[in-house]
Amino acid sequence: MAIRMTGLTSGLDTESIVAALMEAQKTKKTKVENKKTKLEWTQSIWSGLNKKLYSFYTDYAGKMRFQSSYLTKKAASSDTSVLTATAKSAAANGSYNIKVSQLAAAQYVTSAKLGTYKTKAEDGSETDTAVTSKTKLGDLGFDTTGSAAIEIKSGDKQMNLYVDEDTTVGDFVQKLKDAGLNASFDEKQSRFFISSKDSGADSKFTITQTVLNDAQKNAKDALFDTMGYAKLSSSDQSTIKQILSDLQNAQTTESKTAAYKSLQDIADNTAKSKATEYYNKQLTAEYTDKYITSETSVGADGNETTVEKLTDEGRQALKDAGLDNDTYADSDRVKVVKDKLISKKVDEKLATDEYKKNIEDAVQYGSVDVDITDKKTRDADIIVAVDAYVTQISTGTGTSASSDLKKLGMDNIDGSAVKENASGSGMAVIAAADSIVEVNGATLTSSNTTLDVNGLTLDLVSASDKEVKITVSNDTSAVYDSIKDFVEQYNSILAEMNKYYYASSAKGYDPLTDDQKKEMSDDEVEKWETKIKDSLLRRDNTLGGIMQSMRSVMNGATVTASNGKTYSLANLGITTGKDYKEYGLLHIKGDEDDEDYADSTNTLENMINEDPDIVQEVMSGIITNLYNDLSKKMTATTMSSALTFYNDKEMTSQLNQYKKDIKSWESKLADMEDRYYKQFTAMEKSLASLQSQQSSLASYLG
């Protein structure tokens, strides 16, 4: 910092003068700080209001819009360990004798423990190996000759897993999942766990090993040979297996047409890959001959040595491609040409129209050089192979009497219950079952543990030989209380918004500076700031819009009920108060807690007792409208986030701008203060110089 001469010569109180000059300038920064403070307070108020509004939206409007919130009956169970019940308004009052004979169940299969299997080490010794998801079924002793398949039926889905030498435990689990089942192989327990996703008798599933007869196997093998199955990618092989499964499950014209198309596409892609590979090798050989030559020399020991070198054309091509390097030895250059240049040249050539046409012609018309049959012949051969397979498979497959599923800790599963053997090592099956319930002597069933009957919803807990009595009676007080609670919450949030919107003006009040706060008591400071905070949302457009929307729905909306009549809340005895300064708060006429209307007739209570369905329809309809209006108010925009009633994004952006402005003013004021001091310092220096000159002149004249 520069040295400041503060009135040594002039005798002026420089610091006081500069402070006075700066005070006028600081007011501009203070105005921005005041705006920032007010916006922060506004943001805090809105944040609190938003939480309350959102809570009202979800916890009250969100629930009361459903007619299930207005159930006017209650049901009591004599034994809740067996079943519980809820009653709808349609349920008849009285007692119901209920016996739960059986609970619904999903089908569950737990395999026996698989243990280990033998694998051979490199030295030929055998090792016991634990089964994992990657274990091949063939290693566990499963038939992989191509005649065996695992058939899975679940509901309207049927899947067939054709087992070959590559089929794994993981493939079996995935096929179970594809059939719509829950399935896993627990490697720690070494067991399969399989279950239906839903309970009930209709969730039954079967898992069996099916066996192709010789004619069926020959037809399948012929189709595989037609497709060149052994040389296909694992993805294409999986697709072909799925096509065979689909054909086994449905031998329709549509399924055959789909199979033709899918297999012909695979054959076309295979032909294209063959042609591309052929021309790739051909071009690679051409460029290799063009760019690389071999030289043979005889050493002093008489042995021949062959060395690869670049031709002149190869050297030039390497330079043209920008792949040469001065530090490369000749052997390096040969390697770069092989690894990078030739493959690049081949790719460029294959992308030309000439070679694209060559490949397309080979796919379409065939090629002896590439060993590709023309498309017409390929397509015809596929149709013949598919038709032959469909003809053979249409007779059905047999079920293996001695199922290889035993190698997986299971057996053929037909859905029947199976108990684990005495040693605890065998397969266990829980059969799928429906709930069976006797209601007043009539036997009813359900696919799950919930049963709806005559306006009652029965939640079954356990089966029992004893009868349980369910008693249904009116429960109007619960409905009345839920509506009253909703009204109270509505009034609470509206009253708070009214307080802010209709607040007195705080014109002339600005946030206090630190110096101003020092001159006031804590109580005075709090009152001053509260005055400002209370007025920040006065006549706020966003707040006013929310309030107007809520009041319009609750005070003016109507609902046409099922009886054809139109109702508003006023028809239910819910109305606004006598004092207009309540600004839309609601009252329930005749409610004992309402000071203004306690002596009135309680219309709401009477209607709940006499016509509960109308109350349900009207309240649900009006609150649904309120819920939808509030949803619209929370729609995300460029100025507000989702689920937010106010412009939070806009406020955050404005606050950031105020912070930047304050920082800018702090820099400006610092520069301004330094400039004032420099000016006064220059004045002091000039006065000191003048004083020195006067003293010198006086000495000469003295």
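Mentor: Asp268, Lys375, Arg378 and Asp379 are joined in a network of salt bridges. Keep in mind that this is a predicted model. In total, 30 salt bridges are counted.

Now take single pairs. Lysine 38 and aspartate 510 meet through their side chains in a salt bridge, 3.4 Å from N to O. Lysine 38 sits in helix α1, while aspartate 510 sits in the loop between α10 (476–501) and α11 (514–518), so this pair ties together parts 472 residues apart in sequence. Lysine 38 is partly exposed, at 26% relative accessible area. Aspartate 510 is partly exposed too, at 38%.

Helix α1 has another partner. The axes of α1 (residues 14–64) and α16 (residues 648–701) come within 10 Å and cross at roughly 175 degrees. An angle over 145 degrees counts as roughly antiparallel, so α1 is roughly antiparallel to α16. Their contact residues divide into 17 nonpolar, six polar and 13 charged.

Aspartate 128 and lysine 118 form a salt bridge at 2.7 Å, N to O. Lysine 118 is exposed, at 51% relative accessibility.

One more pair. Lysine 407 bridges to aspartate 404, with the closest N and O atoms 3.4 Å apart. Lysine 407 is partly exposed at 36%, whereas aspartate 404 is buried at 11%, because buried means under 20% relative accessible area.

Terms used. Residues are numbered from 1 along each chain as its sequence is written. This is a predicted model: local features need pLDDT of at least 70, side-chain atom pairs count only at pLDDT 80 or more; totals for chains, interfaces and linings use all residues. Side-chain values use heavy atoms; hydrogens and water are left out. Axes are lines fitted to C-alpha atoms, for helices over the stretch in contact, and angles run from 0 to 180 degrees between N-to-C directions. Helices (H or I, at least four residues) and strands (E, at least two) are DSSP runs, numbered from the N terminus. Angles under 35 degrees count as roughly parallel, over 145 as roughly antiparallel, 65 to 115 as roughly perpendicular and the rest as oblique. Ala, Val, Leu, Ile, Met, Phe, Trp, Tyr, Cys and Pro count as nonpolar, Asp, Glu, Lys and Arg as charged, and the others, Gly among them, as polar. A salt bridge is a side-chain nitrogen of Lys or Arg within 4 Å of a carboxyl oxygen of Asp or Glu. Buried means under 20% relative accessible area, exposed over 50%, partly exposed in between (1.4 Å probe, protein chains only).
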